[in-house]
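Hi there,

Here is the structure I promised to pass on to you. Have a look at it first, and then read on for my notes.

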Amino acid sequence: MARRRLLLMLKPFDVYQFGQSNGGSSITNSQAFRYLDNRRKVHKDAINYCQDILRKKSNIDWEPILRTNLSQPIRNFDLVVTVGGDGTLLQASHFLDDSIPVLGVNSDPTQVKEVEKFSNEFDATRSTGYLCAATVQSFEQVLDEILAGQKVPSNLSRISLSVNSQLLSTYALNDILIADPCPATVSRFSFRIQRDIELCGPLVNCRSSGLRVSTAAGSTAAMLSAGGFAMPVLSEDLQYMVREPISPGAAIRLMHGIIKSDQSMKASWFSKKGVIYIDGSHVFHPIQHGDTIEMSSKAPGLKVFLPHD
């Protein structure tokens with residue numbers, strides 16, 4: 001069997017903060033403190049376990065990297081393994097094209113009994129791992145199946161973004177949010193669905209708190225929480241929703257809908273400033289009055305091993 005090159009991308013330990021670093025009071029709830037300490041230990045143990053598994057594999061050359069240290073496109077690897085949760089996999093996706101598959105290992109899955117136990121004190125939800133095909137317990141088996149060609153990755157759609165006809169280098173695997181940097185500020189914009197140069201819908205003028213567009217994979221995240229619907233994960237369509245529209249009148253039916261795989265949405269921004277947030281708050285692109293933003297699912301897909309592949 002040919003040797004494989006594998007990149008092990010790791011969520012750092014310092015995301016589990018116990019208290020404030022600016023001199024403020026630390027967490028006083030001892031149960032919450034122990035909970036956070038346990039989360040860090042579980043994650044650290046998961047990393048050590050995965051590394052031990054890889055050290056035993058004579059047919060793999062691998063190297064680890066913290067996700068915070070990744071700054072260049074990922075090249076010359078046969079497989080990327082992320083250890084963390086969906087956020088770590090999303091961050092890896094921004095550095096991957098459609099040639100290298102990724103396997104997510106959920107290092108710290110939510111424990112239902114724990115959530116119930118602490119429900120009156122704090123939110124004990126851990127990692128959902130919707131996109132993660134493995135846990136620590138199943139990692140070696142899933143990895144062996146991949147190396148043996150018994151497991152095939154799914155191709156997930158991503159969002160392609162252009163601002164003033166200039167293509168952005170980052171594709172969104174989950175969703176994008178276009179909004180004012182201040183969440184309390186009203187955003188003014190318009191949008192229209194089109195197919196190439198053919199118009200597929202009316203011009204919609206909006207005053208709201210922003211516009212969200214999600215992929216099928218991202219439709220179970222913020223979109224679903226806002227009242228959208230879950231889409232089949234392999235769908236190439238996009239879902240959009242105007243957030244908190246102000247007096248939409250008869251246009252209310254146009255505030256939420258689908259962008260078909262052969263269509264795009266073209267939006268014009270009429271507020272003084274704005275931001276396009278890509279897969280959360282860490283990756284963003286500033287916009288200003290008069291900018292046009294075009295969104296479609298024509299981006300290169302991402303090969304992901306899903307839980308039920």
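Does Asn76 count as buried or exposed, and at what relative accessibility? Asn76 counts as exposed, because its relative accessibility is 65%. Please keep in mind throughout that this is a predicted model.

Asn76 sits in the loop between β2 (60-66) and β3. Its phi is near 60°, a positive value in a residue other than glycine. For background, most residues other than glycine have a negative phi. Ser165 is another residue to look at here: its phi is near 70°, again positive in a residue other than glycine. You will find Ser165 in the loop between β7 (160-163) and β8 (166-167), and at 69% relative accessibility it counts as exposed.

Next, the helices. The axes of α1 (residues 30-56) and α4 (residues 139-147) come within 10 Å and cross at roughly 40°. That angle makes α1 oblique to α4. The crossing of the two helices is right-handed. On the α1 side, the contact is made by Cys50, Ile53, Leu54 and Lys56, and on the α4 side by Phe139, Glu140 and Leu143. Sorted by type, the residues of this contact are five nonpolar, two charged and no polar.

Helix α2 (residues 86-93) has six of its eight residues buried, so it is largely enclosed by the rest of the structure. The buried ones are Asp86, Thr88, Leu89, Leu90, Ala92 and Ser93. What do they pack against? Four strands: β1 (4-10), β3 (79-84), β4 (102-106) and β20 (302-305).

Now to the interior. In soluble globular proteins, nonpolar side chains tend to be buried together. The largest nonpolar core here has 28 residues, and Ile176, Val213 and Met295 touch the most other members. Val213 is in contact with Ile159, Asp175, Ile176, Met223, Leu238, Gln239, Tyr240, Ile259, Met265 and Met295, once its neighbours within four places in sequence are left aside. Apart from that core lies another, of 21 residues, which includes Ile53, Leu79, Leu103 and Val142. Ile53 is also one of the α1 residues in the contact with α4.

Asp175, one of the contacts of Val213, deserves a paragraph of its own. Asp175 lies in strand β9 (residues 175-179) and is buried, with a relative accessible area of 6%. Not counting residues up to four places away in sequence, Asp175 touches Ile159, Arg212, Val213, Ser214, Ala222, Tyr277, Ile278, Asp279 and Gly280. Asp175 and Ser235 are 60 residues apart in sequence, and their C-alpha atoms are 14 Å apart in space.

Finally, Ser162. This residue lies in strand β7. Ser162 counts as buried because its relative accessibility is 16%, and the cut-off for buried is under 20%. Which residues does Ser162 touch, not counting those up to four places away in sequence? They are Leu167, Leu168, Thr292, Ile293 and Glu294. The C-alpha atoms of Ser162 and Met295 are separated by 6.7 Å, although the two residues are 133 residues apart along the chain.

Best wishes

Definitions and conventions
Residues numbered from 1 in each chain as written. Predicted model: local features only at pLDDT ≥ 70, side-chain atom pairs only at ≥ 80, totals over all residues. Heavy atoms only, no water. Axes fitted to C-alpha atoms, helices over the stretch in contact; angles between N-to-C directions. Parallel < 35°, antiparallel > 145°, perpendicular 65-115°, else oblique. Left-handed = near helix turned anticlockwise from the far one by under 90°. Contact = heavy atoms within 4.5 Å. Nonpolar A, V, L, I, M, F, W, Y, C, P; charged D, E, K, R; others polar. Core = buried A, V, L, I, M, F, W, Y, C linked by side-chain atoms within 4.5 Å. Buried < 20%, exposed > 50% of the residue type's maximum accessible area, 1.4 Å probe, protein only.
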